[in-house]
Amino acid sequence: MRKFFILLLALFLLFPQTANAALVSWWKMDEASWNGTANEVVDSAGANHGTSSGGATTKVGKIDRAGSFDGSDDYVSMPTISGLSTQQTISIWVYPKTFSV
């Protein structure tokens, strides 16, 4: 198991994360800061940049930076992306500081 983990780590370091040509958009949300300026949330795969609203900002994360939202009125608006089909895959990592049901 340890050898497998070391192999994965080596591959990750040799081939850093880059946008795949098939991706429509990829928002890493790792910019130094957001302040509501148009196109500040950078699309690493293309030109579909977003804009933060309601006080959304970035903070230091475990690796690089991450989007930070207060859960009441913060969001990032994205442009309408032409050419999308009805079948899509969306992936997101979320770290809630509190969670209630």
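Trainee: Where does Ser 68 lie?
Mentor: Ser 68 is in strand β3, which covers residues 65-68. Strands (E, at least two residues) and helices (H or I, at least four) are DSSP runs, numbered from the N terminus. This is a predicted model, where local features need pLDDT of at least 70 and side-chain atom pairs count only at pLDDT 80 or more, while totals for chains, interfaces and linings use all residues. Residues are numbered from 1 along each chain as its sequence is written, and side-chain values use heavy atoms, with hydrogens and water left out.

Trainee: Is Ser 68 buried or exposed?
Mentor: Ser 68 is buried, because its relative accessible area is 17%. Buried means under 20% relative accessible area, exposed means over 50%, and partly exposed is in between (1.4 Å probe, protein chains only).

Trainee: Which residues does Ser 68 touch?
Mentor: Leaving out residues up to four places away in sequence, Ser 68 touches Ala 56, Thr 57, Thr 58, Lys 59 and Asp 74. A contact means heavy atoms within 4.5 Å.

Trainee: And what separates the C-alpha atoms of Ser 68 and Met 29?
Mentor: Those C-alpha atoms are separated by 9.1 Å, and the two residues are 39 residues apart along the chain.

Trainee: New topic. How many helices and strands does the chain have?
Mentor: It has 1 helix and 4 strands. Along the sequence the pattern reads α-β-β-β-β.

Trainee: What share of the chain is buried?
Mentor: Of its 101 residues, 17% count as buried.

Trainee: How many aromatic pairs are there?
Mentor: A search of the whole structure gives 1. The rings of Trp 34 and Phe 69 have centres 6.1 Å apart and planes at 55°, so the pair is tilted. Rings of Phe, Tyr and Trp (its six-membered ring) pair if their centres lie within 6.5 Å; planes under 30 degrees apart are stacked, over 60 edge-to-face, and the rest tilted.

Trainee: Where do Trp 34 and Phe 69 sit?
Mentor: Trp 34 is in the loop between α1 (2-14) and β1 (51-53), and Phe 69 is in the loop between β3 and β4 (75-77).
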